[in-house]
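Have the coordinates open as you read.

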Amino acid sequence: MMRRLAIAVLLVGLMPAESRGDGSGGDLRVRSSGPLTVDGGLVFALPTALGPGLSTGFGIGVTRGRVLAWEARASWSTATESSVAWTVTQSDLRLRVGGVIQHTLGRARVGLRLGVGPTIVHETRLRNSSTLETSAFSTLPAGEVEAFVAVHVFGPWLFNMAGGPSAAVDSGNLRGGWVSLIGVGWQP
């Protein structure tokens with residue numbers, strides 16, 4: 001379902017305004033193509049240190065540049081899992097800097113980004129049959145490779161989707177995962 005939505009959004013973004021019957025484009029006209037983009041939205045990811053599950057939250061990012069660009073991103077997401085004995089909640093704070101290679105296709109901007117930086121993991125374990133609770137922080141080196149598409153919806157506003165594999169080093173072991181974002185952007 002998500003794949004079909006991504007393809008549909010990309011195809012609409014690539015279609016020239018004249019062929020959609022918009023003529024001059026009216027309020028839907030793209031009025032910005034500057035080198036700065038600010039975006040944010042919902043984050044869905046595999047938890048960094050917890051077993052299989054879905055970690056949900058929000059993320060923000062800023063990209064500066066045209067074809068080759070740099071970016072800084074931050075996201076926070078949380079996941080909770082339960083067993084008969086324990087309830088475990090894990091929060092991931094991902095802080096990334098990296099590079100972007102991107103290309104403009106009609107109303108869309110498509111590209112690939114590589115980000116590296118720390119993931120700060122906070123885990124809380126609550127024993128279900130008592131008030132016993134433990135909590136711990138850990139900082140792990142990590143990174144992601146994400147493909148993205150950003151389609152100009154109207155004026156400087158964009159609809160963004162991104163996703164790809166992620167990895168973190170936890171106690172000397174490489175843990176693979178994935179991360180995705182769906183949201184909005186602004187390109188002045």
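## The largest cavity

In this predicted model, the lining of the largest cavity is made up of seven charged, five nonpolar and four polar residues. The space inside comes to about 190 Å³. Among the 16 lining residues, those closest to the centre are Arg 73, Ser 75, Glu 144, Glu 146 and Val 179.

Which strand gives the most to this lining? That is S3, with four residues. Strands S2, S3, S4, S5, S6 and S8 (173-186) each supply at least two residues of the lining.

## The second largest cavity

By class, eight of the lining residues are nonpolar, five are polar and five are charged.

Strand S7 provides the largest share of this lining, four residues. At least two residues each come from S1 (36-45), S3, S4, S5, S6 and S7 (157-170).

Now for the charged partners. Side chains of opposite charge can pair when their charged atoms come close. The structure holds eight salt bridges, and a few of them are worth a visit.

Begin with Glu 144, one of the residues closest to the centre of the largest cavity. Glu 144 forms a salt bridge with Arg 96, and the closest N and O atoms are 2.9 Å apart. This pair links distant parts of the chain: Glu 144 sits in strand S6 (residues 133-154) and Arg 96 in strand S4 (residues 86-105), 48 residues apart. Are the two partners buried or exposed? Glu 144 has a relative accessible area of 7%, so it is buried, as the cut-off is under 20%. Arg 96, at 6% relative accessibility, also counts as buried.

Next comes Glu 146, also listed among the residues closest to the centre of the largest cavity. Its salt bridge partner is Arg 113, with 3.5 Å between the closest N and O atoms. Because Glu 146 lies in strand S6 and Arg 113 in strand S5 (residues 108-127), the pair ties together parts that are 33 residues apart in sequence. Glu 146 counts as buried at 8% relative accessibility, and Arg 113 is buried with a relative accessible area of 7%. Through shared partners, salt bridges join Asp 39, Glu 71, Arg 73, Arg 113 and Glu 146 into one network.

One more pair deserves a look: Asp 92 forms a salt bridge with Arg 94, the closest N and O atoms being 3.5 Å apart. Both Asp 92 and Arg 94 are buried.

## An aromatic pair

The count of aromatic pairs comes to one. Phe 58 and Trp 76 form this pair, which is tilted, with 5.8 Å from centre to centre and 45° between the planes. Phe 58 belongs to strand S2 (residues 55-65) and Trp 76 to strand S3 (residues 68-82), so the pair ties together parts that are 18 residues apart in sequence. Trp 76 is partly exposed, with a relative accessible area of 35%.

## The chain as a whole

Stepping back, the secondary structure comes to one helix and eight strands. Along the sequence, the pattern reads α-β-β-β-β-β-β-β-β. The chain has 188 residues, and 37% of them count as buried. Of the contacts with a separation of 6 or more, 57% involve residues 24 or more positions apart.

## A loop residue to check

Most residues other than glycine have a negative phi. Where does Ser 171 lie? This serine is found in the loop between S7 and S8. Although Ser 171 is not a glycine, its phi is positive, about 55°. At 69% relative accessibility, Ser 171 counts as exposed.

Technical notes
Residues are numbered from 1 along each chain as its sequence is written. This is a predicted model: local features need pLDDT of at least 70, side-chain atom pairs count only at pLDDT 80 or more; totals for chains, interfaces and linings use all residues. Side-chain values use heavy atoms; hydrogens and water are left out. A salt bridge is a side-chain nitrogen of Lys or Arg within 4 Å of a carboxyl oxygen of Asp or Glu. Buried means under 20% relative accessible area, exposed over 50%, partly exposed in between (1.4 Å probe, protein chains only). Rings of Phe, Tyr and Trp (its six-membered ring) pair if their centres lie within 6.5 Å; planes under 30 degrees apart count as stacked, over 60 as edge-to-face and the rest as tilted. On a 1 Å grid over the protein atoms alone, a cavity is a set of points where a 1.4 Å probe fits but cannot get out, and a pocket is an open set with protein on both sides within 12 Å along at least five of seven lines; lining residues have an atom within 4 Å of a point. Grid points are joined across faces, edges and corners, and a volume is the space filled by probe spheres set on the points. Ala, Val, Leu, Ile, Met, Phe, Trp, Tyr, Cys and Pro count as nonpolar, Asp, Glu, Lys and Arg as charged, and the others, Gly among them, as polar. Contact means heavy atoms within 4.5 Å.
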